[in-house]
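My entries follow in the order in which I looked things up.

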Amino acid sequence: MTTPNRPVVVIADKLADSAVAVLAGDFDVRTIDGTDVRVLHAELARADAVIVRSATRIDADALAAAPKLKVVARAGVGLDNVDVNAATGRGVMVVNAPTSNIVSAAEQAVALLLASARFTAQADASLRRGEWKRSHFTGVELANKTVGVIGLGKIGQLFAARIGAFDTKIIAYDPYVQPARAAQLGITLVSLDDLLLQSDFISIHLPKTPETVGLIGKNELDKVKPGVRIVNAARGGLIDEAALAEALADGRVAGAGIDVYATEPCTDSPLFGLDNVVVTPHLGASTREAQDNAGLAVARSVKLALAGEFVPDAVNVQAGGVVAEDVRPLLPLAERLGRVFTAVSAGAAQSITVEVRGDVVSEDVTVLQLAATKGLFVDVAEQVTYVNAPLLAVERGVDVGLFTAPDSPDFHNKVTVRGALVDGRALSVSGIVANGVKEVRRLTEIDGYDVEIDAEGPLVILRYEDRPGVVGLIGGALGDAGVNIASMQVARKEAGGEALMVVAADAEVPSDLLGRLATTIGASAATAVTLTDQP
């Protein structure tokens with residue numbers, strides 16, 4: 001039974017107890033067998049988040065059964081069982097745990113390489129059969145050998161650091177890594193052909209993409225240094241298994257250690273009949289630490305997502321990645337500026353530019369553009385998230401840009417949402433984060449009028465002809481309606497001209513009351529917006 005007013009998190013596959021504990025205090029956690037599609041769809045009907053491992057499939061049908069769903073979390077690296085495109089189209093965030101198993105995966109590759117070099121598995125099986133064949137299992141040392149690493153991402157780097165301790169020479173192929181970075185790691189970058197020709201051992205550490213599938217096929221295996229040993233603990237299908245089996249059978253490749261396969265589960269492969277191959281059933285992430293890390297990582301991401309905060313591990317969010325500490329406080333500010341922009345514009349925007357000024361631009365502030373875009377649509381569209389906000393901008397024909405500058409004459413850091421409306425008007429809204437005992441988000445400018453009021457809670461924004469008595473009229477009308485004023489500010493450019501009033505209230509101002517306020521003072525424009533963090 002669900003607990004009223006608590007977001008529902010469905011755990012569809014086995015999750016570490018430590019991860020469940022992270023969620024249990026704040027959410028209504030429902031644990032089910034996600035492989036039972038009927039049960040899965042029934043629980044998704046009320047779910048705000050669902051967490052899976054590899055067994056449960058979150059496809060288009062599952063997403064259609066989940067009208068409230070905000071986030072799909074995969075407690076692992078791969079996303080083969082999640083329809084990311086369908087989730088993106090529905091504004092559902094997809095997160096995974098991209099670094100949870102990197103140490104375990106690197107260690108598995110090292111284990112397979114060592115086992116291949118010394119025939120560990122084969123010797124174990126032989127001895128258990130009652131055989132004592134020491135000379136039959138003569139292996140090779142790693143010292144003074146060349147190890148080729150294909151793919152120098154996080155796991156490839158960890159593998160290289162560990163295998164380098166065996167007094168090996170490390171070379172690598174990765175067209176996306178700069179030679180200077182490789183040199184810092186003590187690694188020489190080479191072409192794929194050169195790596196195949198020079199390596200005594202080869203270990204693959206690539207993601208599975210259309211470009212990498214079948215990267216090592218018959219042509220490549222014909223080029224390898226005779227006697228090479230090859231390890232794949234990355235993704236199945238990167239090596240042509242039939243071609244590898246042929247190269248192993250004819251002796252050109254002396255041995256292999258394989259943890260992953262083109263089709264999984266795999267219980268039948270031409271590799272399984274060869275005595276110079278060590279095979280394991282995709283154990284790269286199968287350590288207690290990796291399992292705990294994956295569960296904890298996605299549990300924390302779910303908490304962030306359901307709180308409306310930016311999630312660095314979201315795979316279908318533009319401007320993904322780690323948000324710098326100096327940038328993070330500006331995220332909710334940028335979103336609220338987008339909301340105020342939409343409220344004040346009272347019409348469609350043709351284009352907006354998110355302008356960021358100050359020292360903070362030394363960091364990556366792209367995410368502030370995303371946050372402001374989300375704010376633009378939160379009050380005018382259903383279920384707007386970091387995921388679908390850019391899609392909404394495209395659908396509605398709103399061009400969104402980013403401008404940064406290190407100079408900020410008035411404030412240490414300032415964010416402005418500046419735009420052109422369809423009717424030809426220009427509009428801008430600015431704000432800052434004031435750092436005191438606590439961080440306070442504050443509006444500093446609305447459409448050219450200087451203001452200083454907290455961007456928090458219910459706000460009423462009125463334009464009218466400047467004259468005596470208006471403040472009293474507004475105060476009286478709100479008082480008669482039982483709405484208390486928290487703060488109020490009037491801004492003008494000249495006496496007797498147009499004035500802009502911003503009222504912060506303790507309660508939301510309904511549309512009928514807003515209409516009476518506008519009529520009472522003869523306002524040329526009146527809008528109300530309630531600024532809170534949006535999930």
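I looked up His 282 and found a relative accessible area of 30%, so His 282 counts as partly exposed. For burial I use these classes: buried is under 20% relative accessible area, exposed is over 50%, and partly exposed is in between (1.4 Å probe, protein chains only). His 282 is not a glycine, yet its phi is positive, about 50°. I place His 282 in the loop between strand 12 and helix 12. Helices (H or I, at least four residues) and strands (E, at least two) are DSSP runs, numbered from the N terminus.

I note the basis of the numbers here. The model is predicted, local features need pLDDT of at least 70, side-chain atom pairs count only at pLDDT 80 or more, and totals for chains, interfaces and linings use all residues. Residues are numbered from 1 along each chain as its sequence is written, and side-chain values use heavy atoms, with hydrogens and water left out.

Next, other backbone entries. Asp 167 is also not a glycine and has a positive phi of about 60°. I find Asp 167 in the loop between helix 7 (154-163) and strand 7 (169-173), and it counts as exposed because its relative accessibility is 56%. Between Glu 264 and Pro 265 I found a cis peptide bond, with omega at about -5°. Pro 265 sits in the loop between strand 11 (253-258) and strand 12 (277-279).

I then took the chain as a whole. I count 17 helices and 22 strands. The C-alpha trace spans about 105 × 55 × 40 Å along its principal axes. Of the 535 residues, 50% are buried.

How many of the 17 residues of helix 5 are buried? I get 12, so helix 5 is mostly covered by the classes above. Among the buried residues of helix 5 are Ile 102, Gln 108, Leu 112 and Leu 113. Just after helix 5, Phe 119 takes a positive phi of about 55°.

Helix 14 is largely enclosed by the rest of the structure, because 12 of its 13 residues are buried. Lys 374 is one of the buried residues of helix 14, and Thr 373 and Phe 377 are also listed.

Then salt bridges, meaning a side-chain nitrogen of Lys or Arg within 4 Å of a carboxyl oxygen of Asp or Glu. I count 25 by this rule. Which residue does Asp 466 form a salt bridge with? The partner is Arg 492, with the closest N and O atoms 2.6 Å apart. This pair links distant parts of the chain, 26 residues apart: Asp 466 is in the loop between strand 19 (457-465) and helix 16 (470-480), and Arg 492 is in strand 20 (residues 485-492). Asp 466 is buried at 15% relative accessible area, whereas Arg 492 counts as partly exposed at 48%.

Asp 423 and Arg 425 form another salt bridge, with closest N and O atoms 2.8 Å apart. Asp 423 is exposed at 52%, and Arg 425 is partly exposed at 39%. For Lys 133 and Glu 131 I read 3.9 Å, N to O. Lys 133 has a relative accessible area of 41% and is partly exposed, as is Glu 131 at 24%. I also noted a salt-bridge network that links Glu 355, Arg 357, Asp 407 and Arg 418.

Last entry, Gly 522. I find Gly 522 in the loop between helix 17 (511-521) and strand 22 (525-531), exposed at 52% relative accessible area. Its C-alpha atom is 9.8 Å from that of Leu 462, 60 residues away along the chain.
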